[in-house]
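Please look over the structure shown here.

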Amino acid sequence: MRLKPLSLTLLSISKHLSESLGGRLRGGIKRSCGYPSFFAAMSTVSTEKDAFSAPTQSIPKSPQPLQVAKRLEKFKTTIFTQMSSLAIKHGAINLGQGFPNFDGPEFVKEAAIQAIKDGKNQYARGFGVSELNNAVAERFKKDTGLLVDPDKEVTVTSGCTEAIASTILGLINPGDEVILFAPFYDSYEATLSMAGANIKCVTLRPPDFAVPINELKSAISKNTRAILMNTPHNPTGKMFTREELNLIASLCIENDVLVFADEVYDKLAFEMDHISMASLPGMYERTVTMNSLGKTFSLTGWKIGWAIAPPHLTWGVRQAHSYLTFSTSTPMQWAASVALRAPESYYAELKRDYMAKKAILVEGLKAVGFKVFPSSGTYFVVVDHTPFGLENDVAFCEYLIKEVGVVAIPTSVFYLNPEDGKNLVRFTFCKDEETLKAAVKRLKEKLMRK
């Protein structure tokens, strides 16, 4: 017997269903069963299009209440999104959000293009492409002297923000206490809330944002599971000194506390050498070190990050990572492995470029009348805005955008108690020199002290 072509068979079945069910297809069959959409897609010819079309529905015009889980109720649209939207609306120069307005190095982009052309486009190994895991381990050894197993102690993630999330969700239980140094990167609090952690804060205060060791000692309790820290520090630009790190380490060892160390700005250290917490005696076994490609190579949109930890901590990180993203962009991982093997001259030139940019912004801010606090690392600088007479940081930043045409970030969003940051705003200098000079010019022409 000669078989009919599959397309004709399917068409025949489709027409039979349509004829036997008649108008019921239009009015009553639940579309979740899958048949109408399946046959409409598979038929090469259709004389029954109306029978398989979704019914037109009017969309309710009355606004519905926003819905969000209780653990995220307090969090709004991120301040970076808000300020960037205002910048576009008012044609302001964006010195708020920390992403460069210039591109990353050609040799890294070419490596990504080559990886795509070479067919490296399917799912990567869950914890990272082997070449990148090896490159991360090699870089970590150069920087810290620590030899880690790339397959057992390095986990590649979708940016450092996912490394933070995987670490918190994989190692923190509901009710565990986690200590933050305020001001802090805003994702810390939100992710800890998702994990059900109890957050304690130790506030770093201007002018030098030194760690108040006695406050830290008081904050540690029998329920403290971890300290989450960031050095070089966003938003202040502070770098934790060796003395501060040693004191924090001794408290962690004494009280059996973990450290989650966010070190994404480690190559943007201007006035002292970066010290990795994991490199201190007795600390590797209790530290998760998190980092990324984006800041160092001006490729923030690639979202390639990693977490380095001993196997007993890596297990929890990978468990969470497996169910968050599972794996990260394959061709970008191959390119990242090339980036991390850049010669030391790349990092020296990077630092020189950023020091020149920083000088333009800092000198301009001082000339306008801001009180500028020292920034030893990152590409941020924090200033006191109070000489200009606005009631708080949010009001000042809105005025700055609308009346001056420059964007800054209000730092109150980086504190558990917004009052602690109401006098401070953050500027970034990860922009080309022309943009920085244009922003300073606007500030000098339009911003008046009161």
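## Helix α11 and its end

Asp256 follows α11 and has a positive phi, near 55°. The model is predicted. Helix α11 covers residues 242-255. At 1.5 Å a residue, its 14 residues should span 20 Å, and the end C-alpha atoms are 20 Å apart, which agrees.

Which residues of α11 are buried? They are Glu244, Leu245, Ile248, Ala249, Leu251 and Cys252. An α-helix has 3.6 residues a turn, so residues three or four places apart point the same way.

The buried residues pack against β3 (177-182), α10 (213-219), β5 (224-230) and β6 (258-262). Exposed Glu243 and Glu254 sit on the face turned away from the buried side.

## Nonpolar patch

Leu169, Met194 and Leu324 make a nonpolar surface patch of about 240 Å². Leu169 belongs to helix α8 (residues 159-171). Its relative accessible area is 35%, so Leu169 is partly exposed.

## Salt bridges

The structure holds 16 salt bridges. One joins Lys109 and Asp103 at 2.9 Å, N to O. Asp103 is exposed, at 54% relative accessibility.

Arg341 and Glu138 meet in a salt bridge of 3.0 Å, N to O. This pair links distant parts of the chain, 203 residues apart: Arg341 is in the loop between α14 (330-339) and α15 (344-368), and Glu138 is in helix α7. Arg341 is partly exposed at 36%, and Glu138 is partly exposed at 39%. Salt bridges with shared partners also join Arg139, Asp143, Lys267 and Glu344 into one network.

Methods
Residues numbered from 1 in each chain as written. Predicted model: local features only at pLDDT ≥ 70, side-chain atom pairs only at ≥ 80, totals over all residues. Heavy atoms only, no water. Helix = DSSP H or I, 4+ residues; strand = E, 2+ residues; numbered from the N terminus. Expected span 1.5 Å × (residues − 1). Buried < 20%, exposed > 50% of the residue type's maximum accessible area, 1.4 Å probe, protein only. Contact = heavy atoms within 4.5 Å. Patch = residues over 30% accessible without salt bridge, like charges linked within 9 Å, V, L, I, M, F, W, Y side chains within 5 Å. Areas by Shrake-Rupley, 256 points an atom, 1.4 Å probe, with all protein chains shown as cover. Salt bridge = Lys/Arg side-chain N within 4 Å of Asp/Glu carboxyl O.
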